[in-house]
Amino acid sequence: MSTPLTSSMREDRFDSATLSSLARQHASVPLRRAGPLVELVIVGLALTLDNQPDMPTVVLYGSRTGVVATGIRLVSCIEIAREPVYPFDFLASQPIVAAIALQKSFPCIENVLYQPWHDDVSIHWQRMKTLASAWLHAGRCARVICGQVEPDESDKGEHIGRWQMLHL
């Protein structure tokens, strides 16, 4: 069994306004309530797939702080701004919602899987690469794109995405 070829790690850094603008440029669906977590995934995939051939693709991604940051943002709307939070706001905050925008915006994407992270980043990357290798060898896809997205918790700083592509 051959070892998948792995691209070099790409790191993207964006401020909130730039990230939001780029996400809306690359998405073919409206992103009404999408937060930085979903926006980072859309922009990261658009940049990773730029100038790549069209082939069946799986996306594996995770975040250590993204879900927490999104939850804090929703709670702060209630506590600080006294704005109501509606059920659709909560649903839009779920990380797997990115799959809908990705599959509609990038037809080559066949499957998207969000994996929550904990403390050890190296273990998470190894877990993603192991799963990617198994899927590639089983013929479930032609390439796998793995990513780590970390929205800034204050939403005033830098949002960071790291991406790597694997293929046989």
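I take contact to mean heavy atoms within 4.5 Å. This is a predicted model, so I note the limits: local features need pLDDT of at least 70, side-chain atom pairs count only at pLDDT 80 or more, and totals for chains, interfaces and linings use all residues. Residues are numbered from 1 along each chain as its sequence is written, and side-chain values use heavy atoms, with hydrogens and water left out.

**Entry 1. Glu-158**

I started in the loop between β5 and β6, where Glu-158 sits. I count helices (H or I, at least four residues) and strands (E, at least two) as DSSP runs, numbered from the N terminus. Which residues does Glu-158 contact, leaving aside neighbours within four places in sequence? I found Arg-13, Phe-14, Glu-150 and Asp-152. Asp-15 is 143 residues from Glu-158 along the chain, yet their C-alpha atoms are separated by 5.0 Å. Glu-158 counts as partly exposed because its relative accessibility is 41%. My classes are buried under 20% relative accessible area, exposed over 50%, and partly exposed in between (1.4 Å probe, protein chains only).

**Entry 2. His-159**

I moved on to His-159, in strand β6. Its relative accessible area is 0%, so His-159 is buried. The His-159 side chain makes a polar contact with the side chain of Ser-16 at 2.8 Å.

**Entry 3. Whole chain and cores**

I counted 6 helices and 6 strands in the protein chain. Their order along the sequence is β-β-α-α-β-α-α-α-β-α-β-β. Of the 168 residues, 43% count as buried.

Next I looked up the nonpolar cores, which are sets of buried Ala, Val, Leu, Ile, Met, Phe, Trp, Tyr and Cys residues joined through side-chain atoms within 4.5 Å. The largest has 30 residues, and Val-41, Leu-45, Tyr-61, Leu-102, Ile-109 and Trp-163 have the most contacts inside it. Which element supplies the largest share of this core? I found α2, with 9 residues. Leu-45 contacts Val-59, Leu-102, Phe-106, Ile-109, Ile-145 and Trp-163, leaving aside neighbours within four places in sequence. Apart from this core lies another, of 12 residues, among them Leu-60, Met-128, Ala-132 and Leu-136.

**Entry 4. Helix α6**

I checked the span of α6 (residues 121–137). The expected span is 1.5 Å times one less than the number of residues. For 17 residues that gives 24 Å, and the end C-alpha atoms are 24 Å apart, which agrees. His-124, Trp-125, Met-128, Ala-132, Ser-133, Trp-135 and Leu-136 are buried in α6. The buried residues of α6 pack against β3, β4, β5 and β6. Gly-139 follows α6 and has a positive phi, near 80°.

**Entry 5. Cysteines**

I took a disulfide as a pair of cysteine sulfur atoms within 2.5 Å. How many disulfides are there by this rule? The count is 0. For Cys-146, the nearest cysteine sulfur is that of Cys-141, 9.7 Å away. Cys-146 counts as buried because its relative accessibility is 0%. Cys-108 is also buried, at 9%.

Notes
A polar contact is a pair of N or O atoms within 3.5 Å; within protein, one must be able to donate a hydrogen and the other to accept it, and residues adjacent in sequence count only if both atoms are side-chain atoms.
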